[in-house]
Amino acid sequence: MGLTDLPGELLELILCCDVLGAADIGRVSCTCRRLREACQPRGKVWRERFRLRWPSLLKYYSHTDGVSWLEEYKARHNAGLEAQRIVASFSKRFFSEHVPCDGFSDIETLGCPSHFFEDELMCILNMEGRKGLTWKYYAKKILYFLRQQNILKNLKEYLQRPTDRQSFLEGAVLIDQYCNPLSDICLKSVQAQVDDITDKVRKVLQTKNPRHPSLASKAGEVLIPEVELQRQVLDAMNCVLYEQLKYKGNELDYYNSLNSYIHQVLIRRTGIPISLSVLYLTIARQLGVKLEPVNFPSHFLLRWCQGKEGSTDIFDYTYIDAFGKGKQLTVKECEYLIGHHVTEEFYGVVTSKEVLQRMVGNLLNLGKRESTDQSYQLLRDSLDLYLAMYPDNVQHLMLQARLYFHLGIWPEKVLDILQHIQALDPSQHGAVGYLVQHTLEHIERRKEEVGPEVKHRSDEKHKEVCFSIGLIMKHKRYGYNCVIYGWDPACMMGREWIRNMNVHSLPHGPHQPFYNVLVEDGSCRYAAQENLEYNSEPREIPHPDIGRYFSEFTGIYYLANTELEIRYPEDLELTRATVQKIYSSGKE
């Protein structure tokens with residue numbers, strides 16, 4: 001009996017076997033009419049081939065009838081090739097500078113579905129082992145950009161809706177997604193977790209009042225008018241959230257950005273007043289109790305109406321502190337909470353946009369405080385969010401321009417921002433003029449750059465340089481672990497830096513080799529040769545820029561990528577010789 005004599009279902013089962021590849025199926029379908037029909041583009045065989053190769057993509061197909069799986073397979077395969085081409089080009093194009101704003105223009109004009117392109121980027125990021133570091137570095141940057149662009153579009157669409165269709169929870173999720181674009185965060189999963197808490201509240205409520213209207217199947221669609229029934233809901237919520245699930249305000253680590261991200265609040269069961277208030281308000285609303293957000297100074301609150309609905313009298317409301325385990329406060333107790341008297345306007349209800357503004361404002365302040373992140377990523381992300389909501393805010397536009405200028409990135413965008421500021425507020429001409437002048441100088445200097453400086457170890461002026469690119473070192477004085485990604489035969493920093501870092505106190509002062517190193521804490525430093533020593537236990541350096549310079553970690557040292565090797569063409573040989581000498585002799 002031949003293959004074509006088998007029953008259709010058995011034939012399909014064989015052709016769906018995971019040992020066969022797409023090329024195998026293509027060749028089989030060319031052999032005869034029977035096998036061509038078995039491998040038809042819209043059939044089970046190509047659908048299974050697609051599923052086996054890219055299982056995560058099936059979620060994009062709600063209706064699979066009529067889908068040409070062969071064409072989808074080809075489209076995804078071509079998108080993968082295009083993604084690999086673009087990722088491979090980034091290191092060569094942008095090694096010497098931050099990826100410019102227009103660096104992503106190729107991606108914005110893709111001729112393939114964006115989710116196919118993103119899926120290939122995720123495949124690159126999930127490659128096993130310690131190889132492909134440069135590919136992973138740029139795949140991450142591209143994916144970060146793509147997802148943030150899409151989230152910004154969703155945020156702007158959200159802000160254009162009528163206020164009664166702006167869910168506080170959805171707004172919090174959008175902020176969370178934008179600041180954590182590589183995490184798997186979606187409204188559906190966050191809502192499912194909130195629904196789970198709501199179900200727990202219903203169970204507690206049922207034991208107290210089996211006939212409570214919040215237990216009905218359509219609870220939440222209609223608000224409960226009776227204050228006593230509302231009180232029962234809030235008591236049950238406090239029982240579940242703070243007694244059973246142990247949610248609490250994070251007093252010990254208040255200024256941790258994780259407290260502001262709703263998915264982290266649900267995971268860690270801790271947060272700050274505003275993030276816990278969004279959770280509390282959402283659950284209450286799903287159980288038929290209307291709570292309103294109050295932009296109270298220094299401590300976000302909710303208010304619960306005890307009098308006539310819509311009352312403007314602040315004494316007609318009880319105020320709820322979600323940070324303080326749902327404690328119900330009077331007006332006077334609210335003032336005790338922050339330690340001073342405030343006017344009535346601070347007890348008023350605020351819109352969802354104003355809630356988001358405060359959440360983003362908190363992140364902005366945290367971004368300004370962040371001292372270890374030299375890329376200021378949190379500050380940059382929160383500025384993007386703030387200006388998406390308030391695009392003409394001169395104060396934050398100026399902060400963004402100054403930040404990009406400080407980081408030495410996107411000078412063309414800096415000029416665009418400054419032009420916009422000048423149009424909005426001509427009184428800013430002094431600060432604008434200063435930044436424009438220095439930004440134009442930066443652009444001119446960049447044009448004058450003639451290419452990478454190549455440093456040969458064989459040059460006489462480099463004879464004192466002892467260490468080489470890719471070696472894992474330890475700082476003798478501060479004890480940090482690091483990897484070398486550049487060196488100079490003598491200190492190349494200015495006089496002020498040399499004075500501030502007290503370099504002259506070193507035995508060899510500035511007249512010794514200095515090394516650019518990536519440090520395990522995420523910082524980049526410039527260390528004197530006499531302060532570095534070989535690391536007796538070399539290990540990976542968890543630095544966000546490691547892939548910018550290195551393609552692989554061998555387990556003992558890092559391999560420079562093509563661009564870094566061009567600049568230090570003779571270092572690899574010395575690195576390997578050093579590793580052989582230092583670590584092989586140690587094992588013996």
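**Cavities in the predicted model**

**Figure 1. The second largest cavity.** This cavity has a volume of about 30 Å³. The model is predicted. Tyr404, Phe405, Gly408, Ile409, Pro411, Val414, His438, Thr439 and His442 form the lining of the second largest cavity.

**Figure 2. Helices around the second largest cavity.** Three helices, H17 (394-407), H18 (411-424) and H19 (429-448), each give at least two residues to the lining of the second largest cavity. H19 supplies the largest share, three residues.

**Figure 3. Residue classes at the second largest cavity.** Five lining residues are nonpolar and four are polar. No charged residue is found in the lining of the second largest cavity.

**Figure 4. The largest cavity.** About 70 Å³ of space lies here. The lining of the largest cavity consists of Ile469, Tyr558, Leu559, Ala560, Leu564, Glu565, Tyr568, Asp571, Leu572 and Thr575. Strand E13 (558-560), helix H22 (562-567) and helix H23 (571-587) are the elements that give two or more residues to this lining.

**Figure 5. Residue classes at the largest cavity.** Seven nonpolar residues, one polar residue and two charged residues line the largest cavity.

Figure 6. A search of the whole structure finds two cavities of 30 Å³ or more. Helix H23 (571-587) contributes to the lining of the largest cavity. Helix H19 (429-448) contributes to the lining of the second largest cavity.

Technical notes:
Residues numbered from 1 in each chain as written. Predicted model: local features only at pLDDT ≥ 70, side-chain atom pairs only at ≥ 80, totals over all residues. Heavy atoms only, no water. 1 Å grid on protein atoms, 1.4 Å probe; cavity = no way out; pocket = protein on both sides within 12 Å on 5 of 7 lines; lining within 4 Å. Points joined across faces, edges and corners; volume = space filled by probe spheres on them. Helix = DSSP H or I, 4+ residues; strand = E, 2+ residues; numbered from the N terminus. Nonpolar A, V, L, I, M, F, W, Y, C, P; charged D, E, K, R; others polar.
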